[in-house]
Amino acid sequence: MSDIRNNWTKEEVASVYHANFLDLVFRAAEMHRKYQDASEVQVCQLLSIKTGGCPEDCSYCPQAARYHTDVEAQKLMSYGDVMRNAMSAQEQGATRFCMGAAWREVRDNSHFDRVLDMVKGVNSLGMEVCCTLGMLSDEQAEKLKEAGLYAYNHNIDTSEEYYEEIISTRKFDDRLETLGNVRQAGIRVCSGGIIGLGETDEDRVGMIHTLSTLPEHPESVPVNALVRVEGTPLENQERVPIWDMVRMIATVRITMPKAMVRLSAGRTEMSEVEQALCFLAGANSIFAGEKLLTTPNPERNADKALFELLGLNQRAAFKEGDQPKIHAFVNEKG
Ligand code: SAM
Ligand code: DTB
Ligand code: SF4
C-alpha cells in the first residue's frame, strides 16, 4: 500500500495514534526519513498585522474582543512597518513569513488591498509568504494567489464533533469551504489544530482523519499546544503532556508523510529534550522570533543553540521548486 493515502479510516488513524509510544516514534521517524530531509527544519516567522478586537468567540484565543485579556487591539499595520519586520525576520534567518489578522473573514476593502500589497512586497524579498486572515471567498483567494501568496493558514483546530464546544460563531464546514477555495486558487494549504482544549483522543484522531482524507493533503500541518491565556475561557486548562504532543506529531507525519509538520504554539513550555523528541517524531518546522502572534516564543539564540546541539540545518525557501515570480515591488511604498 502506498504511504500517501487519502482513504484513511478513523480506525486506522486511531490505531496509529494509540500505538506503543516507542513504536509510534520509530515508525514516524522512518517515514520522516523516507519523505523529508530529516537534517532540516524550516524557520518561519509570524507577524500579527492586525491584532485583537475579533468578533469571533474561539475559546482559546486572546484576540477575541469578548474576552478580557492583556492583548491591546491594534489597527492594520502599515505596508512599511510590515516590510521592515519581514526584512528583519529574513536577516535573522526566517525563510517563511506569515502575516496574521484577527478577522472573522476578509472583506473587499482598502484593508484587503493593503494586505495584497504586503503579500507582493514580502514575496519580492524572496521569502515564502503566508497569510492567516480568517474565511476567504474564491475570488479573494484568487487575488491573493495573483499577488504571490505561497500558502494560506486556516486551521480546523479540532474534530468536527468538538468544534461547536470551542467556537459558536462559525461552523466546521465554513473552515472546510475556505480550505477548498484556497486549494482551488492554487495556493498551498496550511491547516492543523490545537491540543489541550479539553478534547478527547477520539477528537484528536478525528481532526487528523479530516486533514488526511482531504482530496489533497495540506502541504503544511501546524500542531499547536494550547497557550493558556488569562481572560480566555480555557485559561485553566491543564498543560498538554509532552507525550500527547509527540503522539500528535507522529500521527500527522505517518498519515501525511509529505507535509511540513510545524511544532507551533507551546514551545516556551517545552525543554530542549522535549523539542528534540518532537523533531524525532517528524516535526520539521518551528516559528522563531520573540512572539508568535501575541504570546511569547523561545529566544532566537536558544533556538540556534538547539539546532547546533541536534545537528539541524535551516531549510532553504522554496525547496519544492516553484518560486513564484518575484515582483520588483519592495521599495515602491516604503
Ligand atoms: N483569525 C484568523 C483565524 O482564526 O483563522 C487567523 C488568526 S488565528 C489567531 C490563527 C490560529 O492561531 C488559530 O486557528 C489557532 O489555531 C491558533 N491559536 C490562537 N490562539 C491560540 C492559543 N491560545 N494557543 C494555541 N493556538 C492558538
Ligand atoms: C498556527 O497554527 N499557529 C500560529 C499560526 N498558525 C498562525 C499561531 C499561534 C498563535 C498562538 C497564540 C498567540 O500568539 O496569539
Ligand atoms: Fe478571531 Fe482567529 Fe482568534 Fe478566532 S482564532 S478569535 S477568528 S483571531
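Which residues are around ligand 3? They are Cys54, Glu56, Cys58, Tyr60, Cys61, Ala64, Ala102, Trp103 and Arg170, where a residue is near a molecule or strand if one of its heavy atoms lies within 4 Å of it.

Before going further, a word on conventions. This is a predicted model, in which local features need pLDDT of at least 70 and side-chain atom pairs count only at pLDDT 80 or more, whereas totals for chains, interfaces and linings use all residues. Residues are numbered from 1 along each chain as its sequence is written, chains are lettered from A and ligands numbered from 1 in the order in which they are written, and side-chain values use heavy atoms, with hydrogens and water left out.

To return to ligand 3, its shell has seven nonpolar, no polar and two charged residues. In this scheme Ala, Val, Leu, Ile, Met, Phe, Trp, Tyr, Cys and Pro count as nonpolar, Asp, Glu, Lys and Arg as charged, and the others, Gly among them, as polar. The space that ligand 3 takes is the largest cavity. A cavity here is a set of points, on a 1 Å grid over the protein atoms alone, where a 1.4 Å probe fits but cannot get out; a molecule sits in it if more than half of its atoms lie within 2 Å of its grid points.

Ligand 1 also sits in the largest cavity. Of the 18 residues around ligand 1, those that come nearest are Tyr60, Asn155, Asp157, Arg175 and Val227. By class, the shell of ligand 1 holds 11 nonpolar, five polar and two charged residues. Its polar contacts are pairs of N or O atoms within 3.5 Å. In one of them, a side-chain N or O atom of Asp157 is 2.7 Å from an oxygen atom of ligand 1. A polar side-chain atom of Arg175 lies 2.8 Å from an oxygen atom of the ligand, and a backbone N or O atom of Ala101 is 3.3 Å from a nitrogen atom of ligand 1. Ligand 1 taken alone exposes 550 Å², of which the protein buries 90%; accessible areas come from the Shrake-Rupley method with a 1.4 Å probe.

Phi of Asp157 is near 70 degrees, a positive value in a residue other than glycine. Is Asp157 buried or exposed? Asp157 is buried because its relative accessible area is 3%, and buried means under 20%, exposed over 50% and partly exposed in between, with a 1.4 Å probe and protein chains only.

I turn now to ligand 2. Among the residues that surround it are Leu46, Pro62, Asn153, Phe287 and Thr294. The shell of ligand 2 divides into six nonpolar, six polar and no charged residues. Oxygen atoms of ligand 2 are 2.8 Å from side-chain N or O atoms of Asn155, of Asn224 and of Thr295. The protein covers 88% of the 400 Å² of accessible area that ligand 2 has on its own. The space taken by ligand 2 is, again, the largest cavity.

Lastly, Thr251 lies in helix H9 (residues 242-255) and is buried, since its relative accessible area is 0%.

Note on methods. A polar contact is a pair of N or O atoms within 3.5 Å; within protein, one must be able to donate a hydrogen and the other to accept it, and residues adjacent in sequence count only if both atoms are side-chain atoms. On a 1 Å grid over the protein atoms alone, a cavity is a set of points where a 1.4 Å probe fits but cannot get out, and a pocket is an open set with protein on both sides within 12 Å along at least five of seven lines; lining residues have an atom within 4 Å of a point. Helices (H or I, at least four residues) and strands (E, at least two) are DSSP runs, numbered from the N terminus.
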